[in-house]
Amino acid sequence: MNDLETRAAEFVRGVWHDYLEARDYSGIIRSFDEEVTWIGTGEGELCLSLGDAVRMLGAESQEWSGHFSIVGEDYRARQLSDDLFLTFGTIRAREESGGQDRVVADLNTRFSGVCRLQDGNFSVLHLHHSVPDRYQREGEFFTKSLTEQSNALLKKKIAEKTAELERLNDERRADETRYRFALEATSDLVFEYNASNGLVTANSALYLGGKNPAGFLPDDDFPHVYPEDRDRLRESLSSERVRQAFDDGETALSAEYRTLDGEGHYTWVRITLVPIRGSDGKYRRLIGSIKDIDRDKRREQEFKDQSRRDPLTGLYNRRYTEVMVNRFLEKSGPAASGALFIIDIDDFKAVNDHLGHLLGDAVLRDVSERITQLFRSTDIVGRIGGDEFVVFLKGADDEEVIGEKAGAVLNAFRSTLAGHNAGHAISGSIGIALCPRDGGDYRALFEKADSALYSAKKLGKDRCQFYDGGGDPFLPSGTRRGREPDAGRKSFTEHIAEYIFQILYDSDDINKAVNAILAIVGRHFDVSRAYIFEDTEDGLACNNTFEWCNEGVSPQIDNLQQVPYSLIGDYAANFNEDGVFYCDDISRLTVKGLHDTLAVQNIHSMLQCALKNDGVFSGYVGFDECSAQRFWTQEEIDTLTFISKILSTFLIKWRTQEKLAESFRVTRAVLDHQNLWTYVIGGDHRLLYINRKTLELVPGAEVGACCYEAFWGNRAPCPQCPMREMDRTGAGSCTMELHNTKLSVWTSATASRMTWVDGQSVCLMSCVDITAYKEAGRS
C-alpha cells in the first residue's frame, strides 16, 4: 500500500476501535462524512444519511452499555481516485460486559467501505460490515447443504401442519360455540356489525338499559350519549371516517364518552372498533366492544384533584390556590377586582398542646368547612399552611361588604368543634388586601394581606385588618411571620404497655395472646370493638383476623374476609406519617365504598394504627365506637399507637416464621422429588443438605461430612472440582462432566452460588446421570 492507502487503513482502524472498544459515539460521528451511508449486520441496520447513523448509535448506546476487546484485526486500502479510497478487512472481538450468569459474545465480522480525503483529513463515506455464514461449507457458493436439509424439514413440517390444520378445523366449530358462551359471560359489551347489510349480532350485555345495538353504530344519532360528547362521537364514528381510517390501514378505532346506564346515570365508556377485512383488503365487518371505564375516569379525576387539593381539608393547596387566583386576574385583565383574605387560627399551638394533634386536625377540618360555607362556589378557598387559609372573593370591591364577610368568618371560629366539645376557645385573625388597589397578582396581594394579618395579631388577635398602604413596622419587608414549633406528645400509660409486652413475650400461642390483649385494651379504653386486619399475600385485599367486641356489640369478623381494597380506595393513604388513621365522624368520609363498609357496621368514630412490615403497610389495628361520636385524647392515641406497634412486631414475626417453615417444607419436598442428585456444600466442602435421590445412591452420606470423602473416597478436595473452578474464574456457575470411579457413574455436574440460611455463600450442586450417554459414545 502507498502512504495514502496506509493512512486510510489506519483511519478506518481508529474508527473501529472507537466503535468497539472505546464506545466513543461522539468520535464515531465526527469521523462520518455528511453523506455517509452504513449497512450493518442487523436486518434494520440501514442508514442512508448522517441523521440515520446518529439515531442508530443513540439507540444502541441506550440499549447496551458494554464494550468489546479486539483480539484480531486486518485493515487494507486501495486508492480509487484522488479523493476516494476503498477500505476492507476483518475483525475479531470479544465482549467484555458479561456478568457471572451472562453468555459472553464473540464477534467475527468482515467490512468494506469508502473513505473520502478532503483537506488532508479522511471521513467515512460508506461502511458495510457483515458476519460470515457459518452454514456455508467450503466449495459452496451458497448454503446448498443447509438448503437441502431445510427443504426436507419443510416438507415434513408441511405434512405435519396439514394434519394439524385438519384437526384445528374440527375444533373450530367447538371454539366458536365456546366463543359465543364467553361473549355472554363477559361484562363488556361486544357486538359484530356487517357493513354491507347493517345486521348486528351481540352478546346480551349490549342491551344495557334497554338500548338497541344500533345505537352504537356509525352515523347513529347517539340519543343515549351525554349531549356534550355527541358531536365528537359523531365525528369519530361516522361511516366516512371509519371507512377511510380502515382503508388507510388503521387496525382499530376507539373513542371515550359518557352514556346513560340502566339506572339513568351517565357513565364513562370506551368503544373500540376492529375491522374484519375481505380478500381485497377492504373492511366488510366490524367487531366492536364497549367497556365500562367509569371507575378509571373517576380515579383519574381524583388523582388530578389530589394534586390540587390539601389532603386534610379538601381545599385547594398552596400552589393551586396561587394558580387559580392568577388565572382569574389574567383573564379579567385591567378590570379585575377582588379581595384576598389570609385567615390564621390564633394560638393554634395551644390547641395541639391541650387537645392533641389528631383533634387539632379535626379543628382544621371543621374550620375549613365553615369557611367554605360562608363564600360562593365561584370564590377561591385554599389552605396554604398548617393553620393558615386563603380566600379570594372574585369581583369584590365594597369594603363594607368585605368587612361584613370577614366578621362572619371570625364568628364562625368561635363556634368550631373544639369550642363546644372540649372547652377550648378558638379565634382567628384576618388580613385583607384589595385588587387592584394593593396589587394586580397573587404575590403582591399576598404580601399586603400578610402584612395586614401581622397587624391584626399585634392589635390583640380575633379581628380583621385591611392593608393600610404603609406596611407593618414590626415586619421587615419581604419576610413572613415565623411558625411556632409543634408541641410534644404526651406519654402513654406505661403499665398497660408493659403488661401487653409480657403477655406476648411469655405466650406459646400467639392467637390466644392477641385475643387476650384486644380484650384488655378494649375494656380499658371502653371501645365498642377492637380488631386486627392483615393484608392478603398480593396486597389487593385484607382479612379481619382478630376481633374483640364489647357487650351488646355484634361481631363482624365473619363478614370482613377478603375485603378488596378496590372497594375502599387507597386505604394506606388514610394513615398519617405516624401511622394513625383517626376519623371522629365517618359521615365525613368521601370514598363511598369505605363509608358504606363502615356504616353497615354501625360505626360512628374509629381510630386505626398501621401494621408495617419493613416500612410497608400490611394491615392495621383498629378501635371502633358504635354508640356515638368519640374524641380520643392525645394520651389515649399515643398509648394505642404504641400497643399497635408491639402487636405489629410480634404478629409480623410470627407470620414470617410460619411462611419460612412452610417454604422450607415445600422446598425440601421439591428437591426430594427431583430426578437429580442435589446437595449443598459450604466453603470447607462440608455437606449442608442432601436430597433423597443422592442418599439412595450413597446411603452412607450424611450432613457434616466432606463431599470428597462421602462421594469420592478421597482424603483431600478433588483436583477437578466445579466449586473450585468457580472460585478460580469468579463465575456464578460451572458445569463439568465427571467420572466417579467409586460409584462407577458419569455425571454432568453443575455448581452454582447461593446464599444459605445463615447468610454464608454456599455451592448448590445438581448432578445428572450421563453414564448411558458416555458408554454409547465409546461403543
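Analyst: Begin with confidence. This is a predicted model. Look at residues 419-423: pLDDT stays under 50 there. For that stretch the model has six contacts beyond four places in sequence.

User: Which other stretch has pLDDT under 50, and how many contacts does the model have for it?

Analyst: Residues 471-493 also stay under 50. Here the model has 47 contacts beyond four places in sequence.

User: What is the mean pLDDT of the protein?

Analyst: The mean is 82. Of the residues, 84% reach 70 or more.

User: Now a single residue. Where does Pro132 lie?

Analyst: Find the elements on either side. Strand 6 covers 121-130 and helix 4 covers 144-185. Pro132 sits in the loop between them.

User: Which residues does Pro132 touch, leaving aside neighbours within four places in sequence?

Analyst: Pro132 is in contact with Asn108 and Arg110. Thr109 is 23 residues from Pro132 in sequence, yet their C-alpha atoms are 6.9 Å apart.

User: What about the surface? Which residues form a nonpolar patch there?

Analyst: Ile39, Leu46 and Leu48 do. Together they have about 280 Å² of accessible area.

User: Where is Ile39, and what is its relative accessible area?

Analyst: Ile39 belongs to strand 1, residues 32-39. Its relative accessible area is 32%. Patch residues need over 30%, so Ile39 passes that cut-off. Ile39 is partly exposed.

Note on methods
Residues numbered from 1 in each chain as written. Predicted model: local features only at pLDDT ≥ 70, side-chain atom pairs only at ≥ 80, totals over all residues. Heavy atoms only, no water. Helix = DSSP H or I, 4+ residues; strand = E, 2+ residues; numbered from the N terminus. Contact = heavy atoms within 4.5 Å. Patch = residues over 30% accessible without salt bridge, like charges linked within 9 Å, V, L, I, M, F, W, Y side chains within 5 Å. Areas by Shrake-Rupley, 256 points an atom, 1.4 Å probe, with all protein chains shown as cover. Salt bridge = Lys/Arg side-chain N within 4 Å of Asp/Glu carboxyl O. Buried < 20%, exposed > 50% of the residue type's maximum accessible area, 1.4 Å probe, protein only. pLDDT = per-residue confidence, 0-100.
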